[in-house]
Each structure stands twice: as structure tokens, then as C-alpha cells.
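Please consult the sequence and the coordinates shown here alongside the text.

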Amino acid sequence: MCMHTHSKVPTRARDLFQLFLFLFTLQMRAINSHSFFSRLVHKSIITTLFVSYFLSFLIYMKPEEKEKLITHHNRHQMAGIDENAAAEDSGDFDFLIVSHENGGVLDLFKFLAFNNPESGAKFLKSFRGGGGGAVVQYAGEDVFFGDGDHRWVIVVSIIVRKIIKVVGKPMEWFGYVVEFFLNLLSLNGNFLGLLSNFLHGKVVMPKRGSDTFISAIGHLDGRIDLFKIESPSIEINQNEVEIMTGNRALMDLCMMASKLSYENANVVKNIVDLHWKMHFVDFYNCWNDYQKERSTQVFIMCDKPTDANFIVISFRGTEPFDADDWITDFDYSWYEIPKLGKVHMGFLEALGLGNRLNASTFQVHLQSRKVKPSNLNGGDSSKSHLSSPTVGSSQSSDSETEEEEALVPVMGGEMTAYYAVKSKLKELLKENKNAKFIVTGHSLGGALAILFPTVLVLHGEEKMMERFLGVYTFGQPRIGNGELGKYMEAHLEKPEPKYFRMVYCNDLVPRLPYDDKTFLYKHFGVCIYYNSLYIERKVEEEPNRNYFGWRYLIPEHLNSVWELVRSFVTGYVYGSEYRESWESFMLRVVGLAIPGLSDHSPVDYVNSIRLGRRRSVEMASF
């Protein structure tokens with residue numbers, strides 16, 4: 001009997017995993033189907049699969065468990081409200097937390113099939129503020145979005161994040177091995193050089209954190225030189241609109257800085273100072289209190305050491321082997337700020353502006369303009385610092401710095417990204433009277449790049465925003481709802497646009513989180529879209545805005561075949577600097593199965609800027 005039981009467990013686990021992958025594919029294709037019949041067929045298939053697995057699961061359940069499950073599905077009201085959770089006082093701020101860490105398969109099924117409140121409460125927690133005592137409760141139809149379809153999207157999101165969480169450690173270990181192997185090859189002259197060095201006992205071993213250790217992103221695209229046609233220097237008295245839309249060298253500088261942010265501090269300093277002939281200011285390795293680790297990286301540079309014209313702030317994006325980064329991208333939790341709108345909770349946490357385990361911390365950071373130094377989560381505030389030890393950071397302090405600039409809160413005894421960057425930026429703007437600042441980032445870094453000035457506006461930093469030149473993001477996910485977009489457009493598009501969002505072809509990440517009647521996440525700003533021929537055009541929204549749709553299925557995969565073929569000839573057509581690495585070629589092969597993943601590579605974003613040409617019909621309006 002025991003042998004029989006053990007043989008069933010791995011089989012069911014395997015079948016469940018395969019079912020989840022199949023459900024994910026089918027449901028994503030169905031979400032944005034324009035045909036009611038198509039949606040109906042898809043959901044019928046998915047429901048049949050889920051029910052079939054559920055019935056097979058029941059066969060092996062004990063009678064008492066079976067009876068308990070059948071009783072549960074008829075409950076439509078929660079037995080009560082957790083009074084301890086209700087003690088979280090978030091004032092007038094509302095939030096929704098979609099958790100993947102609680103509940104199991106049966107809870108997912110009961111929530112999906114029956115909208116069971118007890119099961120839903122394991123995955124969803126909402127807070128409704130507003131005066132006389134708010135309550136944390138299950139996010140049912142009345143609290144969430146008022147549409148039953150939201151459960152499908154929630155379940156898919158939870159399943160994907162659970163899978164990523166399960167493979168998180170192996171993915172991290174695999175990433176360490178891959179990066180070590182790539183650096184071992186590059187330091188020894190690739191395969192033949194490594195073999196020769198091995199035979200002669202001269203193998204050069206990679207050292208993580210050194211100025212020769214390059215990230216996986218850096219191996220995908222090894223280019224480090226800036227665009228050579230124009231100088232990236234900016235005269236601030238020029239027309240700012242021409243700077244942002246016409247200076248392709250500035251666009252290239254922002255993309256290269258976004259790509260460079262994936263490297264360690266020594267590599268960043270080496271490239272900025274020696275190759276770009278600019279001035280490296282500092283590299284910050286900042287605390288994410290929810291993840292309990294320093295998982296947010298950002299560096300700051302200027303065009304010259306003194307009397308700088310511009311300051312660049314570059315946030316690191318989603319690292320390919322970091323499960324927490326990918327979980328954040330697929331997270332739909334939000335925090336609503338009065339008059340501002342709903343903001344992605346995971347991105348707020350990455351900037352160090354709160355922790356969902358203590359939601360009142362969001363209010364502290366997002367409502368108060370000035371906050372005295374304090375440990376918001378019980379650590380020792382005396383241990384606070386701007387970052388982990390970095391190369392080239394300035395140790396000098398200005399005795400004339402205003403007291404408010406020194407009032408920097410900490411979380412868990414650690415300095416967080418928003419306050420570290422804001423503090424240093426104020427210092428730099430004071431030292432360089434003519435300088436303006438630019439914020440940039442790729443992927444998750446792009447989300448943090450636009451969120452940074454958003455919070456500056458929220459905090460009423462008018463003087464800093466007067467020195468704000470613009471934001472460039474590349475492959476950036478959505479950060480909030482339409483209300484947030486309207487609020488920020490009033491500050492970023494007048495008198496002229498200052499926020500430019502680059503999207504290459506079928507890149508998956510800019511299509512997350514979903515922009516539909518369920519989640520209502522919206523992009524804003526100027527979208528500059530490049531197709532696979534590197535033709536540039538200004539659009540309100542990238543085509544296929546949620547990525548999944550039947551009419552895009554075949555074109556996406558055909559396009560990935562074309563991109564694979566193109567990778568062989570680009571270097572011959574445009575020159576050696578456009579010749580793709582074998583690592584990039586391997587990613588193109590993966591793209592045959594998941595087109596949106598390979599299109600997220602920095603390779604195509606750099607090529608788009610350098611090779612991109614505008615549609616003639618668009619030039620006048622752009």
C-alpha cells in the first residue's frame with residue numbers, strides 16, 4: 001500500500017506541473033481574444049482540464065477529506081475577519097496584495113471554480129481605508145474589480161510565481177555556473193584559448209566582483225563604446241525637446257548606461273571613467289525590506305567631474321537568473337495613493353518605499369514629505385548607510401547641507417534606493433549649478449526609473465524637478481493604472497514631453513502587468529516602438545499590448561525565425577560592431593519557443609537606437 005501511494009505522488013506532481021504550463025499557455029491566448037466563441041471554447045477546455053485533475057485527485061483522498069472539501073465549496077461568506085490584520089492602520093490608503101506563498105492546489109481550484117472566500121483569502125488581501133477604522137479583508141467581487149474574469153488572471157499569476165519560486169534556487173545556482181563559465185571562456189580566449197592555457201597550466205580564473213568579471217547581460221552584448229556620430233555632451237540652453245527627441249547620442253548613452261547597470265561597481269567605474277571619459281559618482285547596492293536582501297542596484301554618473309551639464313541615474317533591471325526579479329514582474333499587487341492612483345507594490349518595495357508585511361510603511365514613505373531617521377522595521381538605525389562598500393564613492397560631506405537633506409529614513413537598519421539616490425542627487429545638483437538629471441533603466445530598472453521622479457513629484461520636490469531633464473526607459477513593465485498616468489503626464493508632458501518609453505517588437509516585459517478590464521494597468525508617456533526591421537514610430541501603445549492573442553501567435557514565431565536568421569547577417573551588413581555573440585544566438589534559439597523573451601535582450605534595443613529609422617509619415621508628428 002505504501003509503495004502504491006509513493007508511486008502516485010510524483011506522477012500527480014508531474015501531471016500537475018504539465019497541466020499548469022498548458023493552462024498558462026491556453027489562458028493567456030484566451031484573455032484578449034476578440035471572439036466571444038473563442039473565449040468560451042478556451043475556458044471550457046481549461047475548466048474541463050482542471051475538473052479532470054481535481055476528480056482524479058479526489059479518487060486518492062480519504063473519505064473525511066472528501067466530505068470536508070465538498071462542504072467548503074458552498075460557503076460564500078467568510079466565517080469572520082482577522083482582527084489582528086485589521087489592526088494595520090493605513091489611513092486613507094487602499095491596497096491589494098496578491099500572494100503566491102499561501103494556499104495550495106485545492107485552494108486555487110476552489111477559488112477559481114467557486115469563488116470560495118476562504119480559499120481566496122489565502123491569496124488575496126485588500127485594505128479599504130477612509131476615516132473611521134479600516135478593515136483588512138478578502139478581496140471579493142465588491143472589493144476587487146467587479147468582474148468574474150479576474151480570477152483566471154489571478155490564478156495564472158499565482159501559478160507562474162509559484163513555479164518561479166520552486167525553481168528559484170536552482171535558477172540562481174545555474175546562473176552562477178553560467179556566468180563563471182562565460183567569464184572563464186572570455187578571460188582565456190574562448191574554447192581553444194582555454195584548452196591551450198589548461199595544457200600550459202596558465203588558466204585565468206574569474207573573480208566575481210572584479211573589473212574583468214562580466215554579467216550574463218554583458219556577454220549577450222559586449223559593446224561598451226558609445227554612439228560615435230554625435231557627442232553626447234548637452235548644452236542645457238539648447239531646446240530640451242530637441243535634446244530628448246533629436247539627439248540619438250543621448251538615447252544611446254541612456255541605453256548603454258541601462259545595460260551597464262547589470263555589471264558590478266568595478267566594471268561600471270572602469271567603463272564610465274576610462275572608456276566614456278566621463279565621471280563615475282557612485283554605485284548603490286540597496287535594501288529591499290520585503291525580500292530582506294540588497295536586491296536593488298543603481299549607479300550615478302556625470303558627463304564631467306566639475307561643472308557638469310547632466311547627471312545620469314541608471315537603475316538595474318531584471319536579472320535573468322534572479323527569481324525575485326521575475327516574481328516582481330508577474331506580481332499584480334498594488335497600493336493606491338489618493339489623488340495619484342494605483343502603483344505596483346513590488347516596484348515600490350524595490351525602491352525601498354514600504355513593505356507589504358507591514359503595509360502602514362507605504363503610507364509613512366508616500367505621504368510624509370520629510371521623515372526623520374528611524375528604523376521602520378525594528379533594526380538598528382545606527383547601522384544605516386547609503387550602500388554597500390563601493391568603488392569611487394565620495395566620502396566628503398557638505399557642512400552647509402540643509403538639515404532636511406540629512407533626514408533619511410532607513411528600513412531594517414539599511415539604506416534604500418529612493419533615499420540613497422535622492423540624497424546624492426541633491427548634493428550633486430547643489431555642486432553643479434547648471435546640471436540637469438536624467439533617469440534611465442532597462443526592464444525592471446525602467447519601472448524604477450519612472451517611479452523615482454513620480455515619488456519626487458508626490459513629495460513636492462519642486463526645486464529638484466525644475467532640474468529634471470527626462471526619463472528614458474527600455475522594455476519597461478507597467479507601473480500603475482490610468483489615474484497614475486494622467487497625474488504624471490501633467491508633470492512630464494508640459495510644456496514638452498520628458499518621458500520616453502522604448503519598446504522593441506514582441507518584447508514580453510512591456511506587456512506586463514496586464515492592461516485589460518480586470519487589472520487596468522496602463523502605460524503612459526511617449527512610446528517609441530521599433531519593429532524587427534528597426535523601423536521607428538511613435539505610437540500610443542505597442543501592438544498586441546498584452547502579448548497573448550491568437551492573431552499574433554503565428555506572426556510572433558515567424559518573426560523569431562527571421563530574427564534568428566538576421567543574427568547571422570547583421571554584422572556583415574552593418575559592420576563588425578553589430579556581429580552578435582554566440583550567447584545572443586543561443587537566446588534567439590530560445591526565442592523560437594518564447595519570442596517575447598529573446599526580444600527583451602539589450603542587443604535589439606542598442607541596435608534599434610543606432611540603426612533605427614523613422615517612418616516618413618511619422619516624422620512630422622514626432
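Helix H22, which spans residues 550–574, packs against helix H23, residues 582–591, at an angle of about 165°, and the two axes lie 9 Å apart. Because angles over 145 degrees count as roughly antiparallel, H22 is roughly antiparallel to H23. The crossing in which H22 passes H23 is left-handed. On the H22 side the contact involves Ser560, Glu563, Leu564, Arg566, Ser567 and Phe568, and these meet Phe585, Arg588, Val589 and Gly591 of H23. By class, the residues of this contact comprise four nonpolar, three polar and three charged. The model under discussion is a predicted one.

Helix H18 (residues 417–431) and helix H19 (residues 444–458) pack at an angle of about 70°, their axes being 11 Å apart. Since angles of 65 to 115 degrees count as roughly perpendicular, H18 is roughly perpendicular to H19. H18 contributes Tyr418, Val421, Lys422 and Leu425 to the contact, while H19 contributes Phe452, Val455 and Leu456. The residues in the contact of H18 with H19 divide into six nonpolar, no polar and one charged.

| Helix pair | Packing angle | Axis separation |
|---|---|---|
| H22 and H23 | about 165° | 9 Å |
| H18 and H19 | about 70° | 11 Å |

At the level of the whole chain, there are 26 helices and 16 strands. Of its 622 residues, 55% count as buried. Among contacts in the chain with a separation of 6 or more, 73% are between residues 24 or more positions apart.

Helix H5, residues 105–114, has Asp107, Leu108, Phe109, Lys110, Phe111 and Leu112 as its buried residues. The helix is followed by asparagine 115, which has a positive phi near 55°.

Asparagine 190 has a positive phi near 65° and is found in helix H9, residues 190–199. With a relative accessibility of 44%, asparagine 190 counts as partly exposed. Lysine 292, likewise not a glycine, has a positive phi of about 60°. Lysine 292 is placed in the loop between strand S4 (279–288) and strand S5 (293–302), and its relative accessibility of 47% makes it partly exposed. The peptide bond from leucine 512 to proline 513 is cis, with omega near -20°. Proline 513 belongs to the loop between strand S12 (499–504) and strand S13 (521–522).

How many disulfides does a search of the whole structure find? The search finds zero. In general terms, a disulfide is a covalent bond between the sulfur atoms of two cysteines. Cysteine 286 has 0% relative accessibility and therefore counts as buried. Cysteine 505, with a relative accessible area of 5%, is buried.

Key:
Residues numbered from 1 in each chain as written. Predicted model: local features only at pLDDT ≥ 70, side-chain atom pairs only at ≥ 80, totals over all residues. Heavy atoms only, no water. Buried < 20%, exposed > 50% of the residue type's maximum accessible area, 1.4 Å probe, protein only. Helix = DSSP H or I, 4+ residues; strand = E, 2+ residues; numbered from the N terminus. Axes fitted to C-alpha atoms, helices over the stretch in contact; angles between N-to-C directions. Parallel < 35°, antiparallel > 145°, perpendicular 65-115°, else oblique. Left-handed = near helix turned anticlockwise from the far one by under 90°. Contact = heavy atoms within 4.5 Å. Nonpolar A, V, L, I, M, F, W, Y, C, P; charged D, E, K, R; others polar. Disulfide = S-S within 2.5 Å.
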